[in-house]
Amino acid sequence: MPNPATKSGFVALVGRPNAGKSTLLNALLGQKLSIVSSKPQTTRHRIVGILSKPGFQAVFLDTPGMIDPKYLLQNFMMKSVHSALRDADLVVQLIDASEEPPARKPSAQKESGEDALAARITAPVILVMNKADIAPEQRMRAIAQRAASGPHPPVKILEISALRQTGLDALKREIVARLPVHPPYYPDDSMSDRNERFFVAEIIREKVFECYREEIPYSTSVLILAFEEKKGRKDRIEAEICVERESQKGILIGVKGAALKKAGELARKDIEQFLDRPVFLELRVKVREKWRDDQVWLKRLGYSETND
């Protein structure tokens, strides 16, 4: 029987691209769950990460970075952010304090994605200034003052470094203190509500972000075609990397397949570490023209409102 005094709730991690949300989620969980890269807009789905400890369960919702959508995929990404805010008992708003805050747009101009998101927040907000180890004090004071005078002032303002894992204990205490009294939503040994196939696809996509430059990572997605567990033998995983143009396919494959082989080797190592068992990984590249604006393909690739 769950302890009636157990605190459990949903905590949405929101912020602009590259604010460090996925790095923070992994640090809070003590395990790599959400993929990370130096490129913005790496996260496309709402990722659920579950932290269960005696007396509480925090269900973190890592969300895509707040942007103004330009095509259908980005519309789905922003809908997943809105969905996380609807579910949230608490919002952790992450700001990269090492960068200048974006200027507010005049009221006559179109509302930005960040301003539109702020208008949807109804849960208490903890403002977290990330990369505080390299951010100027004057800039952090300006961020705090701006937030305090905004339409939804935070209940707490904290300074952390998600990468260096400083300030996380104070953040955890603030989160736990504001969780509602409720039985756990998931079993204590759960880390996420996503299956292994999802995380394998995400690991492959992470390696595409790491290994390729310019527009290539943003024009790709990963579809798992086969996931066969074989007793006493390596698991067999077959995955398709979708691109939008033939030229992108050539870049992904590289001369005599060298580029794809390198990405595959890096992905296989991380997949084996994640699954804790050996795998045989086969990658292929397929052109799917304008898949980012194709509702049928987006649904097949896992980008749907029901999944997020």
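Strands S7, S8 and S9 form an open sheet of three strands, in the order S7-S8-S9 and with mixed pairing; strands are DSSP runs of E with at least two residues, helices are runs of H or I with at least four, and both are numbered from the N terminus. Two strands count as paired if DSSP finds at least two bridges between them. The edges are strand S7 (221-228) and strand S9 (279-287), each pairing on one side only. On average, neighbouring strands of this sheet are turned by 20 degrees against each other, direction ignored. The model is predicted: local features need pLDDT of at least 70 and side-chain atom pairs count only at pLDDT 80 or more, whereas totals for chains, interfaces and linings use all residues. Residues are numbered from 1 along each chain as its sequence is written, and side-chain values use heavy atoms, with hydrogens and water left out.

S7 and strand S8 (residues 235-243) run antiparallel and are joined by seven bridges. Glu-228 stands opposite Arg-236 in S8. Helix H7 (residues 246-253) packs on the sheet, touching S8 and S9, and its direction makes about 155 degrees with that of S9. Helix H8 (residues 258-275) also packs on the sheet, where it touches S7, S8 and S9; the direction of H8 makes about 135 degrees with that of S9. Contact here means heavy atoms within 4.5 Å, and axes are lines fitted to C-alpha atoms, for helices over the stretch in contact, with angles from 0 to 180 degrees between N-to-C directions.

The axes of H7 and H8 come within 5 Å and cross at roughly 65 degrees. Ile-251, Leu-252 and Ile-253 in H7 meet Ala-258, Ala-259 and Leu-260 in H8. By class, this contact has six nonpolar, no polar and no charged residues.

The second largest pocket has a volume of about 510 Å³. Its lining comprises 30 residues, of which Asn-18, Gly-20, Thr-23, Ser-37 and Lys-131 lie nearest the centre. A pocket is an open set of points on a 1 Å grid over the protein atoms alone, where a 1.4 Å probe fits, with protein on both sides within 12 Å along at least five of seven lines; lining residues have an atom within 4 Å of a point. Helix H1 (residues 21-29) gives the most to this lining, with three residues.

The protein chain as a whole has nine helices and nine strands.

Notes. Grid points are joined across faces, edges and corners, and a volume is the space filled by probe spheres set on the points. Ala, Val, Leu, Ile, Met, Phe, Trp, Tyr, Cys and Pro count as nonpolar, Asp, Glu, Lys and Arg as charged, and the others, Gly among them, as polar.
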